[in-house]
Structure formats: C-alpha cells, structure tokens
Amino acid sequence: MIESVRQGCLVLADIGGYTAYLAGVELEHSHDILADLLGGVANGLCPPLHLAKLEGDAVFCVAAADEPLDGETLLAALESTYLAFARRRRTVALSSSCGCEACRRTPDLELKFCAHHGSFVEHEVAGSRELVGSDVILVHRLLKNTVPETHGVRGYALLTSACMEALGIAGLEPHRERYDDVGEIAGGVIDLEKSWRAEAQGARNVVAREQASVLLEGEVGAPPERVWKAMTDPAHGMRWRVGVDDIREQNPAGGRGVGTVTHCVHGRATIEQEIVDWLPPHQYTFRERNPVGACEWTVSLAPLDGGAATHIEWRIALRGGRRQALLVRLIGRRVRAVLRANFAALLAHVNDAAVA
C-alpha cells in the first residue's frame with residue numbers, strides 16, 4: 001500500500017521546565033498536574049487543529065492543507081491556549097488546599113509552541129497512527145532553540161517562515177536557528193508572556209464596598225484556602241447553601257475560573273452564575289440573574305492572624321435598573337433574610353474543623 005504525502009501545518013506545544021520540576025516533587029501529584037495541563041492544551045488547540053499524538057510533556061497537532069486554517073485562526077488558538085494554560089497554572093498554585101511541592105512549584109512550568117508547514121505521511125507504526133517525514137523531524141528540532149536567550153521570554157510561539165508564508169502571517173519578531181542536520185531555519189517569534197501580563201495586570205471586574213447594594217461580612221477561624229474551596233467547589237456548596245437541590249458546573253478549557261458557569265437548582269428554578277473575575281484565593285466576581293433580577297457579586301477573602309483566619313465579604317450590586325430597585329423595596333426584607341441564612345451557613349461550614 002502506497003501512502004500519500006500530505007501538506008499541512010504541524011504544531012508542537014511543549015510544557016517547559018518539567019524535567020527540573022520533577023526533581024524533588026511528589027510523583028503522584030506532579031503527574032496529575034501534568035495530565036491536567038496537557039488536557040487543557042489539547043482542548044485549546046483542537047479544533048482548529050487535530051491531535052496527532054501526546055508525547056510525554058508535549059502535544060503534537062496537525063492541520064492538513066485542505067482544511068480551513070488561516071493565520072488569524074492559528075494565532076488566536078495559540079494565544080487563547082497559552083492564556084488558559086497560564087490561568088490554570090495560577091489556579092493550581094494559589095487555590096489548591098494541598099501544600100505539597102508539586103502544587104507549590106507549578107509556576108515553574110511554562111508553555112511554548114513551535115509551528116511549521118510542510119510535508120508528512122501518516123502511517124501505522126506498532127498499531128498506532130504516526131506522522132513521519134523530514135518536516136515532522138524539523139518541528140521537533142525546533143523545540144531546542146535559542147528563543148529564551150535571544151528574546152528574553154520563556155512562554156512563546158516560534159513559527160517558521162514556511163508556516164508564516166503558507167498561512168499569510170506577517171509582522172512577527174524575526175528569529176533564526178541553525179541545526180547541523182537541517183541547516184538554517186528562519187521564522188518569527190510571538191511573546192505570549194506579554195499577553196498574559198496584560199491580562200493579569202488589567203483592570204479587575206470587582207464590586208467595591210461602596211458600590212454594594214448589599215454587604216455581608218464576617219470572620220472565620222479558617223484559612224482563606226479553605227473558605228475559597230467552600231465557596232467555589234460545588235461539592236462543598238451542596239453542604240451549606242440553603243434550599244439548593246443541585247449544583248452543576250460548566251468549565252472552560254482552562255478549568256474553573258473566568259468563564260465558568262454554575263447552575264444552582266432550587267426546586268423548579270435554576271440560577272446561573274457566570275464567573276467574570278478570578279484571583280484565587282483572594283477574590284472572585286460572578287454575574288447572576290435571580291428572582292430579583294440581574295446582580296453582580298464579589299466574594300472577597302482577606303487573611304487574618306497570619307493566614308489562620310479569614311475576613312469574608314459578600315458585596316452584591318444590583319444591575320437591573322429602576323424596576324429592580326422597586327422590586328427590592330417590596331421583597332428586600334425576605335431577600336436579605338435568605339442571604340443572611342446562606343452567609344451564616346457558610347461561616348458554620350468553614351468553621352467546622354472536620355471540613356477538608
């Protein structure tokens with residue numbers, strides 16, 4: 001059987017720093033973390049690409065030339081996948097209740113992409129489908145490059161000139177590599193860390209104390225990490241939320257965070273809450289539409305006594321205009337009673353020494 005040669009875009013996403021990370025960290029948690037991060041990367045890239053193979057700490061993807069992939073789509077996929085990776089990396093490091101080295105050192109991990117356009121053959125090797133060819137070798141060679149030293153970045157995308165020309169990409173920072181077996185390779189670099197810094201330092205979506213229509217606050221003898229888990233984990237929510245029959249959660253590719261939608265079922269009514277700001281374990285903001293209309297909540301957690309206790313604030317702003325304000329005047333006492341009952345239940349839950 002003669003296998004046909006195909007043309008297409010070959011992309012490798014590699015989690016850098018993993019070998020050094022493995023030294024001195026707990027093996028079980030480190031592999032769980034890698035599987036979680038790799039799964040997020042694969043979900044972010046596919047589509048528009050197709051998964052060719054998982055290669056240890058890397059994801060190998062392909063898009064054949066006869067498939068609809070242009071430069072704009074590829075660049076958007078690379079950036080969005082990197083940002084999802086960075087959010088998930090931050091979440092594991094900051095919101096995990098586990099104090100092991102594997103969780104604590106997650107920020108040491110970094111993500112880079114190498115993309116090339118060329119020829120490949122797909123055939124069966126030892127019972128599995130493999131991509132082979134000189135261009136497949138080349139994109140793997142690109143993983144060993146001088147981008148960090150030359151451009152001062154760890155999180156980046158390196159695209160060959162062949163990839164840029166095939167997909168109509170221009171304006172990247174020029175870069176060249178030389179390999180003994182394949183010669184000189186020209187291309188361009190995208191600083192993805194810059195996009196992450198812009199997002200992380202951007203204006204946060206937060207309800208300030210002075211903006212809150214309703215403010216509930218209190219203190220608990222538990223660290224912020226425990227309170228955070230009680231507030232954000234549906235399994236915990238089922239144990240303290242008053243009148244809730246079920247809590248279902250839909251997460252984006254990067255895991256729980258901005259974009260997560262929670263469905264709280266109260267009898268025949270379902271309240272949807274969409275997270276729009278996420279800074280574990282300090283604060284998060286979500287929007288919901290409940291019986292009084294559109295609202296926005298910021299949950300703020302401040303450590304006390306060196307982190308042994310926590311000051312909790314629920315800041316709730318009404319977003320439904322004058323009609324909502326009139327409704328709140330009519331049923332506001334009942335609504336506040338429900339909120340106070342839930343707040344008290346939360347305090348009792350996290351103060352319970354048996355809560356993990």
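# Salt bridges, cores and cavities in a predicted model

Arg248 and Asp246 form a salt bridge, with the closest N and O atoms 3.1 Å apart; the term means a side-chain nitrogen of Lys or Arg within 4 Å of a carboxyl oxygen of Asp or Glu. The model is predicted, so local features need pLDDT of at least 70 and side-chain atom pairs count only at pLDDT 80 or more, while totals for chains, interfaces and linings use all residues. Residues are numbered from 1 along each chain as its sequence is written, and side-chain values use heavy atoms, with hydrogens and water left out.

By this rule there are 16 salt bridges. Three of them are listed here.

| Pair | N to O distance |
|---|---|
| Arg141 and Asp181 | 2.5 Å |
| Arg248 and Asp246 | 3.1 Å |
| Arg315 and Glu313 | 2.8 Å |

Arg141 lies in helix α5 (residues 134-141) and Asp181 in the loop between β7 and β8, so the pair ties together parts that are 40 residues apart in sequence. Helices (H or I, at least four residues) and strands (E, at least two) are DSSP runs, numbered from the N terminus. Arg315 and Glu313 are both buried, where buried means under 20% relative accessible area, exposed over 50%, and partly exposed in between (1.4 Å probe, protein chains only). A network of salt bridges links Arg209, Glu217, Glu313 and Arg315.

The largest nonpolar core has 39 residues, and Leu74, Phe113 and Leu159 have the most contacts inside it. Such a core is a set of buried Ala, Val, Leu, Ile, Met, Phe, Trp, Tyr and Cys residues joined through side-chain atoms within 4.5 Å. A second, separate core of 28 residues includes Val227, Tyr284, Val292 and Val299.

The largest cavity has a volume of about 160 Å³. A cavity is a set of points, on a 1 Å grid over the protein atoms alone, where a 1.4 Å probe fits but cannot get out; lining residues have an atom within 4 Å of a point. Points are joined across faces, edges and corners, and the volume is the space filled by probe spheres set on them. Of the 18 lining residues of the largest cavity, Met231, Thr232, Arg241, Thr262 and Gln273 are the closest to its centre.

The second largest cavity has a volume of about 30 Å³. Its lining includes Leu142, Leu159, His175 and Glu177, and β6, β7 (173-179) and β8 (183-191) each supply at least two residues of this lining.

Technical notes
On a 1 Å grid over the protein atoms alone, a cavity is a set of points where a 1.4 Å probe fits but cannot get out, and a pocket is an open set with protein on both sides within 12 Å along at least five of seven lines; lining residues have an atom within 4 Å of a point.
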